[in-house]
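Visitor: I would like to go through the charged side-chain pairs. Could you take me through them one at a time?

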Amino acid sequence: MKKGKFLLTVFLAGGCYTAFAQEKTKPEETEVYTPVPPVVQPGKKCGEAPSDAIVLFNGSSLDQWVMADDRNTPARWNIEKGVLTVNKQTGNIETKQAFNNYQLHIEWRVPANITGTGQGRGNSGIFLASLGKGDAGYELQVLDSYNNKTYTNGMAGSIYKQHVPLANPTLKPGEWQSYDIIWTAPVFNTDGTVKHPARVTVLFNGVLVQNAVELKGPTQYIGDPAYRSAHGPSPIKLQAHGDKSEPLSFRNIWIRQI
């Protein structure tokens, strides 16, 4: 056998076949130089938006948001001292822009004076792809899960009614929490059937709680989730939940399309 080659024997039905495959003998033969990844300047502090991010809320403006039930109406939540607080009377808000695959950073805080129990205590949600009015879409649960018992596929960090979080790193009420989310949107065939289901990874206060989990479909409050209709890029929606507890707040929201 000549130097630089090795024998490859393949066994197939009816006999075996031998072929020569070229062996790579220099380190340069496995080095890749293109394409060159783009330069991205990270934020100066952990959690700050990198240079290629779209800032969805910077503490002063809701220009990137509209009311989810009427996309012709500007978002009507409350901004004070750089903090966005849910207005439960007006309803859900969502981004003007639609997104496909992305990295999302968002911070939220349950007020220190929170009251209520279970799902009625600091309840909200981040819909990773909004599919219309109300709560249509794929929900990552927001809730006070600090010493607050509820069903585990409805606690903070859960993919609501689908995936229980791997851990509960919730901080006590009054402290800021963070989600870092990697969302891979579902892909549909031309006939509307699912080619690839949606997947999501979530770090909650820096702790991995969802690890590339596959979603069975959009969130379903009653019954089993399923993909019932194809869709493309979608807005991100924040929920004004109807429970009676004190409204929670958000800050430092940014996204990177991937």
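Guide: What follows concerns salt bridges in this predicted model.

Visitor: How many salt bridges does the structure hold?

Guide: There are five salt bridges in the structure.

Visitor: Which side chain does R256 meet in a salt bridge?

Guide: R256 pairs with D52, at 2.8 Å from N to O. This pair links distant parts of the chain, 204 residues apart. R256 belongs to strand β18 (residues 249–257), while D52 sits in the loop between β2 (15–22) and β3 (54–57).

Visitor: And R256, buried or exposed?

Guide: R256 is buried, because its relative accessible area of 19% falls under the 20% cut-off. D52, at 36% relative accessibility, counts as partly exposed.

Visitor: Now E107. What does its side chain meet?

Guide: E107 forms a salt bridge with R251, at 2.7 Å from N to O. R251 lies in strand β18 and E107 in strand β9 (residues 102–109), so the bridge ties together parts 144 residues apart in sequence.

Visitor: What is the relative accessibility of E107?

Guide: The value for E107 is 10%, so this residue counts as buried. R251 is partly exposed, with a relative accessible area of 30%.

Visitor: Changing topic to the loops: where do R121 and D144 lie?

Guide: The side chains of R121 and D144 meet in a salt bridge of 2.5 Å, N to O. R121 is in the loop between β9 and β10 (124–130), and D144 is in the loop between β11 (137–142) and β12 (176–184), so parts 23 residues apart in sequence are tied together.

Visitor: Are those two buried or exposed?

Guide: Both R121 and D144 are buried.

Technical notes
Residues numbered from 1 in each chain as written. Predicted model: local features only at pLDDT ≥ 70, side-chain atom pairs only at ≥ 80, totals over all residues. Heavy atoms only, no water. Salt bridge = Lys/Arg side-chain N within 4 Å of Asp/Glu carboxyl O. Helix = DSSP H or I, 4+ residues; strand = E, 2+ residues; numbered from the N terminus. Buried < 20%, exposed > 50% of the residue type's maximum accessible area, 1.4 Å probe, protein only.
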